[in-house]
Amino acid sequence: MRPTVSVVIPTYNRAKLVINAIESVLVQTSAVDDIVVVDDGSTDDTHVMLERVCEVSPRMANVLRYFRQPNRGQSVARNKGLEQAIGEWVAFLDSDDIWLPEKLEYQVLALHEFNSLAAACFTDVQFMGASDVKSTVFELRGEAGRGMTGLVLNSVELLLDRSRTPPVWVPTLITKAALARAVGGFDPRLRFGEDDDFLFRLARVTGFCFVNKPMVVVDRSPAQGRHTGPNAIWDTADFRLAQNQYRYEKQLHLSEGMPRYVRRSIRKDLRGVHSAWANWFLQNGNLERSMQAVSVALKCRFSIAIFVKYLLMHVSPSLVRRLVCLKSRRSKPYDA
């Protein structure tokens with residue numbers, strides 16, 4: 001029997017793009033039963049556009065359900081969609097991305113192949129809108145040589161590998177709806193990194209399988225101009241640092257009882273966040289808070305580089321500040 005599938009699409013001010021996303025779901029070779037679009041407080045004509053399209057497309061009108069809420073972030077929008085989904089399985093799609101026609105068909109076959117071993121499946125990703133990114137995610141990670149389908153032996157370990165392009169992208173994911181609800185859905189406190197948080201919690205309770213084929217096209221257009229309205233906060237470094245700190249502290253708490261390497265990896269991530277906080281405070285003229293942040297970074301997980309930074313800040317904070325400013329001109333402004 002064909003599994004029932006719901007697709008959740010959160011959107012904000014993407015009236016034209018969301019139509020493309022929906023149409024990419026409608027042309028799937030394995031039909032979906034339900035498309036839930038959650039409008040997170042759009043100020044454009046998203047509602048009007050969807051009404052017009054449904055009037056001329058009976059097929060869209062039959063499966064599409066539209067919900068509107070005040071702007072509360074993508075996590076809340078996805079949770080609303082997850083709450084409303086009627087399918088046994090749920091898949092997620094961002095409103096500026098599209099699926100290729102055979103995505104769900106390949107994933108249903110993979111899930112059947114691995115049956116009780118995996119209740120979640122992801123695919124490779126290709127990009128649009130980024131002229132400098134020609135490779136897929138699997139290629140960027142050096143994993144394109146896998147078989148067409150496969151089982152991830154340790155999903156948590158895979159997700160903790162943050163040294164490279166993220167391995168699993170939520171717009172490629174399909175999982176059991178009941179399982180997504182059981183792990184708590186998406187954290188409403190997160191407007192940045194909420195995908196990583198959700199996937200980590202999901203990986204704690206189920207295995208992941210994959211389809212080694214780019215089945216989702218993700219928009220990686222330059223960020224400038226894309227983060228508008230309430231989402232403009234994404235472009236502020238202190239917001240991103242606070243979100244990452246909360247996420248890693250949460251993961252450290254959830255990792256109680258897990259293998260030692262898991263907690264060591266998360267502590268390393270936390271160390272990087274606090275070291276980056278030290279840079280941010282230093283550039284904003286707050287030496288005391290900067291020194292506190294470096295001390296916390298050392299407590300998270302010792303490293304020679306952070307220890308040298310700690311010593312230099314006590315001996316010559318002006319030198320460290322100059323080095324941080326120099327580094328910020330060449331890379332991300334608040335790297336560790």
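The legends below describe close-up views of a predicted model. Residues are numbered from 1 along each chain as its sequence is written, and side-chain values use heavy atoms, with hydrogens and water left out.

**Figure 1. Packing of helix H10 against helix H11.**
Helix H10 comprises residues 237-254, and helix H11 comprises residues 260-283. Helices (H or I, at least four residues) and strands (E, at least two) are DSSP runs, numbered from the N terminus. The axes of H10 and H11 lie 9 Å apart, at an angle of about 155°. H10 is therefore roughly antiparallel to H11. Axes are lines fitted to C-alpha atoms, for helices over the stretch in contact, and angles run from 0 to 180 degrees between N-to-C directions. Angles under 35 degrees count as roughly parallel, over 145 as roughly antiparallel, 65 to 115 as roughly perpendicular and the rest as oblique. The crossing of H10 with H11 is left-handed, a term used if the near helix is turned anticlockwise from the far one by less than a right angle, and right-handed if clockwise. On the H10 side, the contact (heavy atoms within 4.5 Å) includes Leu241, Tyr248 and Leu252; on the H11 side, it includes Ile266, Val273 and Trp280. The residues of this contact of H10 with H11 divide into 11 nonpolar, 4 polar and 5 charged. Here Ala, Val, Leu, Ile, Met, Phe, Trp, Tyr, Cys and Pro count as nonpolar, Asp, Glu, Lys and Arg as charged, and the others, Gly among them, as polar.

**Figure 2. Packing of helix H11 against helix H12.**
H11 packs on H12 (residues 287-300) at an angle of about 170°, with the two axes 8 Å apart. H11 and H12 are therefore roughly antiparallel to each other, and their crossing is left-handed. Residues of H11 that meet H12 include Leu270, His274, Trp277 and Phe281. Among their counterparts in H12 are Leu287, Ala293, Val294 and Cys300. By class, the contact of H11 with H12 has 11 nonpolar, 3 polar and 3 charged residues.

**Figure 3. Packing of helix H12 against helix H13.**
H13 spans residues 304-315, and its axis comes within 9 Å of that of H12, at a crossing of roughly 155°. H12 and H13 are therefore roughly antiparallel to each other. The crossing of H12 with H13 is left-handed. H12 contributes Leu287, Ser290, Met291, Val294, Ser295, Ala297 and Leu298 to the contact, while H13 contributes Ile306, Phe307, Lys309, Tyr310, Met313 and His314. The contact of H12 with H13 comprises 9 nonpolar, 3 polar and 1 charged residues.

Of the 12 residues of strand E9 (residues 208-219), 10 are buried, so the strand is largely enclosed by the rest of the structure. Buried means under 20% relative accessible area, exposed over 50%, and partly exposed in between (1.4 Å probe, protein chains only). Two strands pair if DSSP finds at least two bridges between them. Strand E6 (residues 120-128) is joined to E9 in the parallel sense by 9 bridges, with Asp124 opposite Pro214 of E9. Strand E5 (residues 98-99) runs antiparallel to E9 and is joined to it by 2 bridges; Ile98 faces Val217 there. Strand E7 (residues 149-151) is also antiparallel to E9, with 3 bridges, and Thr149 has Val211 as its bridge partner in E9.

Asn13 occupies the loop between strand E1 (5-11) and helix H1 (15-26). Its phi is near 55°, a positive value in a residue other than glycine. Asn13 is partly exposed, with a relative accessible area of 26%. Asn115 belongs to the loop between helix H5 (103-114) and E6. Although not a glycine, Asn115 has a positive phi of about 40°. Asn115 is exposed, at a relative accessible area of 58%.

Met60 is located in helix H3 (residues 58-63) and is buried, with a relative accessible area of 1%. Not counting residues up to four places away in sequence, Met60 touches Ile22, Glu23, Leu26, Val53 and Cys54. Glu83 is 23 residues from Met60 along the chain, and the C-alpha atoms of the two are separated by 21 Å.

Technical notes. Predicted model: local features only at pLDDT ≥ 70, side-chain atom pairs only at ≥ 80, totals over all residues.
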